[in-house]
Amino acid sequence: LWFWLVRQLYAKFMHKENLKSGEGITEQVLQLPLDHFGQQDRQNRTIGIRYWVDERCYSKGSPVFVKMGGEGAAGPSFCDSRASKHSALVLAVEHRFYGKSVPAGSEPLSLENLQYLTVEQNLADTKAILDYVTAKYKAGTGFAFGGSYSGATCAWFRLTYPQYVSGCISESGVVNAILNFTRFDYQVSTALSEKSPSCRSDVVAAFEAIDRQFSKGGGPEIKAMFNATNLNGTRNGDPDFMYAIADGVAMMDQYGSKDEVCAHVALLPESPSDDDRIFNLNEMIARHYGDDFMKGCFYDSECIKHKVAGASEGVGDRSWRWQKCSQLAYLQTAPDENRVRSTLLTLDALMQQCEYMFNGTQPDTTGINQRFGGDQPKGSQVVFINYSDDPWLQASVVVSTSEDLPVCMTTCDGCGHCGAGVPRDIGAKCESLADSYLDKWLVANAKSL
């Protein structure tokens with residue numbers, strides 16, 4: 001899931017309407033406390049957090065547009081039409097424990113270190129870097145942007161440090177940390193049904209066929225077919241495998257490719273057998289993602305458990321699984337109805353994955369939702385933009401709770417996560433609304449200074 005998510009978000013937030021050349025934008029590092037709150041780390045260790053500044057649009061005293069870091073290696077963000085309009089300084093910050101922003105040493109992702117990978121520590125990093133950059137460039141107040149997880153941290157940053165940013169635009173912001181996320185499948189199922197009822201039923205039937213074959217002892221052969229022999233004979237190999245193939249389908253809907261799902265299941269013969277359905281699903285996943293999709297570390301509990309070295313590029317699979325298992329969850333379980341995954345993916349099975357990978361760790365979604373409000377967000381001046389086919393919709397804010405927490409839904413056949421698959425003319429309404437609030441809140445902040 002997360003390789004594709006980060007790729008989409010990078011394209012949307014870091015290259016949208018950018019200037020053609022990134023010359024002059026250099027990687028910078030600020031050394032910050034590993035523990036901002038001084039509760040655990042008695043050695044006063046530091047962590048280097050990468051950031052990038054594009055000053056080509058900037059005029060002294062203008063705002064800083066902060067692109068929040070996400071669950072993967074980051075890179076520079078560029079002056080786009082919004083930044084140009086406001087003569088803004090553009091700042092991109094890499095999230096701690098992703099990319100090269102990891103603790104020093106040969107095992108930066110050890111359990112001892114991962115205790116400092118929290119939402120709150122990341123927000124404190126962003127505050128410190130914004131403080132430093134604002135002073136250096138003599139800039140005005142900030143305004144935050146993000147999508148998906150960084151859309152959530154965007155909203156949480158505005159809540160936690162309102163004096164630093166006058167607002168946030170959050171696309172598909174997953175602010176609601178859900179432990180038992182059955183509604184994820186509901187959203188995928190609904191999207192497939194709206195394309196074709198038979199499409200949804202064929203996808204459901206494929207997962208039912210796999211469950212039947214696993215119950216007969218055919219799991220090893222099916223894993224071999226899907227090029228996932230690494231998941232044979234491991235403690236969590238069956239739920240790992242089921243998680244991967246469920247994501248294989250869900251991500252195609254998530255990123256605006258549900259037509260491809262429906263076109264492929266339409267190739268099934270009349271009255272297909274279980275073998276027909278399983279082969280069809282395997283072929284669909286392999287064609288879309290490549291033959292090695294199932295071998296990725298993200299879907300392998302054994303790999304996650306032992307991967308203590310950092311990854312300077314791509315998605316931080318161990319880091320993101322830690323965040324899910326410690327604070328955020330989003331554990332996608334099989335619902336009783338409208339399920340597009342194996343019945344083996346129970347809450348107990350997914351909790352056991354967390355306990356195994358991280359020595360007994362379980363997610364504390366109550367704590368983070370109480371602090372930030374979940375889908376009834378605390379704070380103010382955040383625009384939430386959502387998309388109708390997005391499986392993550394139910395983890396966002398779908399109903400506005402106040403005038404200064406507006407919600408805008410973009411609805412279309414294929415409207416996916418963070419705007420993937422959305423035609424420009426259809427997405428224009430919510431983009432325009434977001435721009436109007438951006439203008440309004442920047443002006444109001446300037447008057448208050």
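A disulfide here is a pair of cysteine sulfur atoms within 2.5 Å.

A word on the source. This is a predicted model, where local features need pLDDT of at least 70 and side-chain atom pairs count only at pLDDT 80 or more, while totals for chains, interfaces and linings use all residues. Residues are numbered from 1 along each chain as its sequence is written, and side-chain values use heavy atoms, with hydrogens and water left out.

So, how many disulfides does the rule give? The count is 7. I'll take three of them.

Start with Cys325 and Cys354. Their sulfur atoms sit 2.1 Å apart, as a disulfide. The torsion about that S-S bond is about -75°, so the link is left-handed. This pair links distant parts of the chain: Cys325 lies in helix α13 (residues 317–328) and Cys354 in helix α14 (residues 347–357), 29 residues apart. Helices are DSSP runs of H or I, at least four residues; strands are runs of E, at least two; both are numbered from the N terminus. Cys325 is buried, at 1% relative accessible area. Cys354 is buried too, at 2%. Buried means under 20% relative accessible area, exposed over 50%, partly exposed in between, with a 1.4 Å probe and protein chains only.

Next, Cys154 and Cys168. Sulfur to sulfur is 2.0 Å. At 135° about the S-S bond, this one is right-handed. Cys154 is in helix α5 (residues 149–160), Cys168 in strand β6, and 14 residues separate them. Both cysteines are buried.

Third, Cys408 and Cys430, again a disulfide, with sulfurs 2.0 Å apart. The link is left-handed, at -85°. Cys408 is in strand β8 (residues 407–410); Cys430 is in helix α16 (residues 424–448).

Cys418 is buried, at 3%.

Cys418 also touches Ser172. Contact means heavy atoms within 4.5 Å. Ser172 sits in the loop between β6 (165–171) and α6 (183–195). At 1% relative accessibility, Ser172 is buried. Its side chain makes a polar contact with the side chain of Asp390, at 3.2 Å. A polar contact is a pair of N or O atoms within 3.5 Å; within protein, one must be able to donate a hydrogen and the other to accept it, and residues adjacent in sequence count only if both atoms are side-chain atoms.

Last, Met68. Met68 is buried, at 7%. Its contacts include Cys154.

Definitions and conventions
Lists of a residue's contacts leave out its neighbours within four places in sequence.
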